[in-house]
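Q: Hey, I've just opened this one and I'm new to it. Can you walk me through it?

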Amino acid sequence: MTVHPNFALQAETTLRHLNFDAMKMVMLHQAQEYDLPIIENNDTCVCIQMNHGCLRFKNAADGIRTTAFAAQQDWLFMLKEGLVWQLEQFSPDTAAQVRWSDVDKAGGLPPNFHFATVQSVRWIGASFIRVRIKAKGLSSFQDDAIHFRIVLPPADLGDVEWPHVSENGSTVWPTGAKTLHKPVYTTRWIDHAQGVMDFDVFVHEGGRVTDWASSVAPGAQVAFVGPGGGGIPKTDRILMFADETALPATARIMETLPADTNGHVTVLASHEAYCSYAITAPAGVSVSWLDRETGHSLADIAIEMRDRFPEHYVWFACEKADARRFRTAYKAKGGDPANAYIAAYWSRR
Ligand SMILES: Cc1cc2nc3c(=O)[nH]c(=O)nc-3n(C[C@H](O)[C@H](O)[C@H](O)COP(=O)(O)OP(=O)(O)OC[C@H]3O[C@@H](n4cnc5c(N)ncnc54)[C@H](O)[C@@H]3O)c2cc1C
């Protein structure tokens, strides 16, 4: 077996009371669903390359010897945490009993949890606030993971409790009155040398991040966890469909894709948002702006466009109901999950 040479870090655990064949089936199913490379697959071993490293499972007399391989400490942590989360879905007892060989930081902050200092806050037109933050340890914030969660304590909570790593290597978040608000945002721009990054907050009524961004001043401390989520698609043919919350990701993707990329971007946004948010696209990509007041459905437009350009990668992100509608239609038409990113960015309550 060849584990990627860059994955120099590893951690091991033995999963007891679990059937190797069942575990193997779960992993192979996951590999198929998300188009993950299978590095090894035989009667006694299965090894899958995940987004941030590899997971290897070996059948042994005392259980399933499991090894996580990654290039960086926070990736290793995310890999281990992801496996524990998966185990919790079908074997909670096994998940609770996991003990990793490198778990020396139980009780400490998760390695992907960061504190930052706000550097600047400025309005981008009438609908977005751009926040620049400075933090250490941003090396994982690359093009393959362009999102993170901002972590806000409840307003007026004096004694804030931050998350900690549990004995099985997963993150324990405070609950009840101490529950932290942690919505997902997009790294709009990052300068690794300076350790600074920008994110753009779409201003909407009742939004806790909106309230925070509207009143925060340079010098304030803020917490965030990540990176995570999707990255820049590896394609040069793309159809993108976005609402306001997906504009920062759309703009970053457009700036990063190869200059000879072809395709089309459709944005459904309030008039104020589309008057002020710039998208710089490659010459071969056209951009259409639709006013949400006119009642367009992004899902309907995407279904029609995807029929016309079935070979293009489809990137679709907006409100949950529309995302669900498009996902259902995409699957029904036999769309390849590996050739699409379909995500709900927010939901109406
Ligand atoms: C992968 C990913 C990337 C994202 N990137 C960004 C980003 O870069 N910039 C950005 O602004 N958002 C982004 N979002 C969306 C953002 O996480 C949600 O809008 C989130 O709910 C905002 O949290 P909040 O504290 O402002 O609102 P909350 O306090 O959680 O919600 C308050 C109320 O606002 C409503 N609400 C939430 N979002 C919207 C909206 N967009 N329009 C109208 N009402 C809304 C809720 O239904 C609720 O009723 C992203 C989401 C995902 C999944």
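Q: Let's start with the ligand. Which residues come nearest to the ligand?
A: Thr186, Phe202, Gly207, Arg208 and Trp346 come nearest, out of 27 residues around the ligand. Being near here is judged by the C-beta atom, placed from the backbone, lying within 6 Å of the molecule. Keep in mind that this is a predicted model: local features need pLDDT of at least 70, side-chain atom pairs count only at pLDDT 80 or more, and totals for chains, interfaces and linings use all residues. Residues are numbered from 1 along each chain as its sequence is written.

Q: And which elements each supply at least two residues of that shell?
A: Those are E11, strand E13 (196-202), helix H4 (208-215), H5 and strand E19 (340-346). E13 gives the largest share, four residues. Helices (H or I, at least four residues) and strands (E, at least two) are DSSP runs, numbered from the N terminus.

Q: OK, zooming out. What domains does the protein chain have?
A: The assignment gives domain 1 (9-97), domain 2 (113-228) and domain 3 (237-346). Those bounds come from an automatic or database domain assignment. The centres of domain 1 and domain 3, taken over C-alpha atoms, are 33 Å apart.

Q: How many helices and strands does the protein chain have?
A: Eight helices and 19 strands.

Q: Tell me about the sheets. What's the order of the five-stranded one?
A: It's an open sheet running E1-E5-E4-E3-E2, with antiparallel pairing. Strands pair if DSSP finds at least two bridges between them. At the edges are strand E1 (9-15) and strand E2 (38-41), each pairing on one side only. Inside the sheet, seven bridges join strand E4 (residues 53-60) to strand E5 (residues 63-70). One of the bridge pairs is Asn59 with Ile64 in E5.

Q: And the seven-stranded one, what's its order?
A: That open sheet goes E11-E8-E14-E6-E7-E13-E12, and the pairing is antiparallel. Strand E11 (184-186) and strand E12 (189-191) each have a single partner strand, so one side of each has no neighbour in the sheet. Strand E8 (residues 147-151) and strand E14 (residues 221-228) pair over four bridges. For Val151, the bridge partner in E14 is Ala223.

Q: What about His17, what's its phi?
A: Phi of His17 is near 60°, a positive value in a residue other than glycine. You'll find His17 in the loop between E1 and helix H1 (20-34).

Q: Is His17 buried or exposed?
A: His17 counts as exposed, because it has 10 C-beta neighbours inside 10 Å.

Key:
Buried ≥ 20, exposed ≤ 12 C-beta atoms within 10 Å, placed from the backbone.
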